[in-house]
There are 4 protein chains.
Amino acid sequence: MNETQEDRLAGRSDKGRTESFSDGVLSVFITLMVLDLRPPEAEPGGLLAALIKQWPAYLAYLSSYLYIAVIWLNHKAAFKRIRVIDHGLHWANVGMLFATALLPFATAILAGALRRDDPTDVRTAVALYALVGSLLCASWLRLYHYLSQHPELIAQGYEARFFARERRRAAGGIAIYIVAGALGYQVAPLLAMGIFLAVPVFLDLTHEGL
Amino acid sequence: MNETQEDRLAGRSDKGRTESFSDGVLSVFITLMVLDLRPPEAEPGGLLAALIKQWPAYLAYLSSYLYIAVIWLNHKAAFKRIRVIDHGLHWANVGMLFATALLPFATAILAGALRRDDPTDVRTAVALYALVGSLLCASWLRLYHYLSQHPELIAQGYEARFFARERRRAAGGIAIYIVAGALGYQVAPLLAMGIFLAVPVFLDLTHEGL
Amino acid sequence: MNETQEDRLAGRSDKGRTESFSDGVLSVFITLMVLDLRPPEAEPGGLLAALIKQWPAYLAYLSSYLYIAVIWLNHKAAFKRIRVIDHGLHWANVGMLFATALLPFATAILAGALRRDDPTDVRTAVALYALVGSLLCASWLRLYHYLSQHPELIAQGYEARFFARERRRAAGGIAIYIVAGALGYQVAPLLAMGIFLAVPVFLDLTHEGL
Amino acid sequence: MNETQEDRLAGRSDKGRTESFSDGVLSVFITLMVLDLRPPEAEPGGLLAALIKQWPAYLAYLSSYLYIAVIWLNHKAAFKRIRVIDHGLHWANVGMLFATALLPFATAILAGALRRDDPTDVRTAVALYALVGSLLCASWLRLYHYLSQHPELIAQGYEARFFARERRRAAGGIAIYIVAGALGYQVAPLLAMGIFLAVPVFLDLTHEGL
């Protein structure tokens, strides 16, 4: 128990269940990706060709899997610095999990549009993916901002300033997704997709702060 | 371990596994909502229009997601006041999780009826949703009533009176859902839907007691 | 940590992760039942009739839900008496979870056969359900027997004799399911279904031992 | 808390959440197998025949279930020897979970090809399964190798040498899967399947080291 009598009066409580709930949600998300990996419909003898033709689904699976693994890593890095949870932090966390839930949806639409190869749909799907990506960064910005303003929630040995700095990472992510969406919609969808794959790598390398 | 030798003899045991089981069930529920968010069937070039036409599914997803987040918050607020679990509390908790499980079902039926826009079906779906909503409040009433009658289960520093007061919140919820269902069935479905969205907000604002 | 140096040498380890893995598996099972509760296909204006016609699915959902809640309760009652896990206990537990996994499958087949109302299929489905039910009791018999033979795994203050007695409950369950299956196949399926619903109630009332 | 101030500076942290996240992912995988066990389409009166005809799905379900149970057992055996997690170990663990996620996919394809009984597709499916199996062993090799090189992550009373030896088990697995895939593709698919079933048994018997 990390909470004091003062925490109780202020409605703050132990972070244990928030961590286990978030672990549960993120582990279900990461495994639900598997459901999109179904055995392909194939003519007798045509299994190999059908498997190869499914490549956009594999790519979508891999990139969403890695992204959720990175989100979990950032979540763990943030919560180890947290001592107790209050009502506002609960909703900032729930909002972030909600934005994460939209990622598989946007990924499935992008993979489908690429497979059908219709230029209008690919542009729509790239813009939708960029929108979801920037929403996700905005939800992290809100979480980091809330923590930077509430030093009473921070664990001993850590500082609220860490979260003030983290806001820059999240704000940068929003900007990158908007630029990628605009480039993908107006110029070249493949350019946007390259950026989409690069962002999780960046967020991974900087998960303990810039 | 919060349990004493006396608890053992009375068949009372640690709350840890009940919390982790409930966290597991609620985190699977909240993520299974994602399964209703599938890429729409669309003509080539018609992805954007098809995405926009799916709006009732998005609304259903968002409101059920928020409702389950609120249920989890109320669950955490109740269980932090609990010291040990007995047989009756186990079943009150399992009953509440069961009523929660009906929520996605009722939401999917409501979203489907709104999309087809048949007046008879919309009225049926609104009444069904109100029925499930009042069942859910009734399951909380039972949980709170049980705790108010069993002070031996309450953690040190908390009082059974808290749960006696909480019963009013749950009873109020039952009444509101019955009124909303009757209004939606007889007068205007949209009026009922406005009430459906307002109840989780009310339950969130009062999750630490009235 | 409940394990000693002697436990380490014998390959015995803490029960914490076995409990959390089992909680995870059982909470996913209990929520996957929801997937069988889908909005029915209905003609415009025919939603109410279509919902009512789905009653076997509701009954199947309710009874499987209650059964898995009872299994979890028995699991908790057994594991609170356990100090450490060894290799044999791991597989007895995994075997029990596997038998539990067959329950939703058998329930869905039974509900489907009842809905189509073909006498031959109903008898097949009743026999299959009875087979799965007796397998499940057999997996508990194995778990209880293993624990009764390994007092070194039992927690302080509890006795291996408890598990020796528990074997009778499990063996009784096997016999009841065989009788119910034979009655349902040869005489009357509804009689068997009454017994199927009674068994979880019996296992609930006796979950702390006869 | 197992972490020291020095661990904090080096970005190492408690293993608790990594264990609970892995338990969550593996418990969802093992239960998602159930989704492939659907009631068969059957003519009235033909339920029994349809159930029997589904046998490859049952076999696929059973073998994947056992394999994931063995993976969990190996994971537990490895993590009880670990004191703290660092960035590299996180990704080795996430990589192993990813390879595990491919197992149900490969199993479903193998079961489908066996049911359709087309020789070309069976050979493709056997080769795919062998590829996934060797990827999975390679992911364990990476995990064990990483741990053998980082004694600062090992718990007191255990030795990094244990993981150095474990690498042989994983390397042997890669070799076996390559041989099984080649035999299955060139000679006899059933021979490969016998090897596929034998590997989890071997990995179970040796989960505490050779």
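In this predicted model, chain C can be laid on chain D by a rotation of 90° with 0.0 Å of shift along the axis, and the RMSD is then 0.0 Å. The two copies are thus related as by a four-fold rotation axis. Within chain C, the C-alpha nearest this axis belongs to G24(C), which lies 4.3 Å from it. The copies use different surfaces, since 12% of the contact residues of chain C recur in chain D.

How many residues of each chain take part in the contact between chain C and chain D? On chain C there are 26, and they are in contact with 22 residues of chain D. Three helices of chain C each supply at least two residues of the side that touches chain D: α2 (16–32), α5 (87–116) and α6 (119–149). The largest share of that side, 11 residues, comes from α5(C). Sorted by class, the side of chain C that touches chain D has 14 nonpolar, eight polar and four charged residues.

Now turn to the inside of a single chain. Two packed helices are described by the angle between their axes and the distance between the axes. In chain A, helix α6 (residues 119–149) packs with helix α8 (residues 189–205) at an angle of about 25°, and their axes are 10 Å apart. Angles under 35 degrees count as roughly parallel, and α6(A) and α8(A) are therefore roughly parallel to each other. Their crossing is left-handed. From α6(A), the contact is made by V122(A), R123(A), V126(A), Y129(A), A130(A) and G133(A); from α8(A), by P189(A), A192(A), F196(A) and V199(A). By class, the contact of α6(A) with α8(A) has eight nonpolar residues, one polar and one charged.

Notes. Residues numbered from 1 in each chain as written. Chains lettered and ligands numbered in written order. Predicted model: local features only at pLDDT ≥ 70, side-chain atom pairs only at ≥ 80, totals over all residues. Axes fitted to C-alpha atoms, helices over the stretch in contact; angles between N-to-C directions. Helix = DSSP H or I, 4+ residues; strand = E, 2+ residues; numbered from the N terminus. Parallel < 35°, antiparallel > 145°, perpendicular 65-115°, else oblique. Left-handed = near helix turned anticlockwise from the far one by under 90°. Contact = placed C-beta atoms within 7 Å. Nonpolar A, V, L, I, M, F, W, Y, C, P; charged D, E, K, R; others polar. Least-squares fit on C-alpha atoms with pLDDT ≥ 70 in both.
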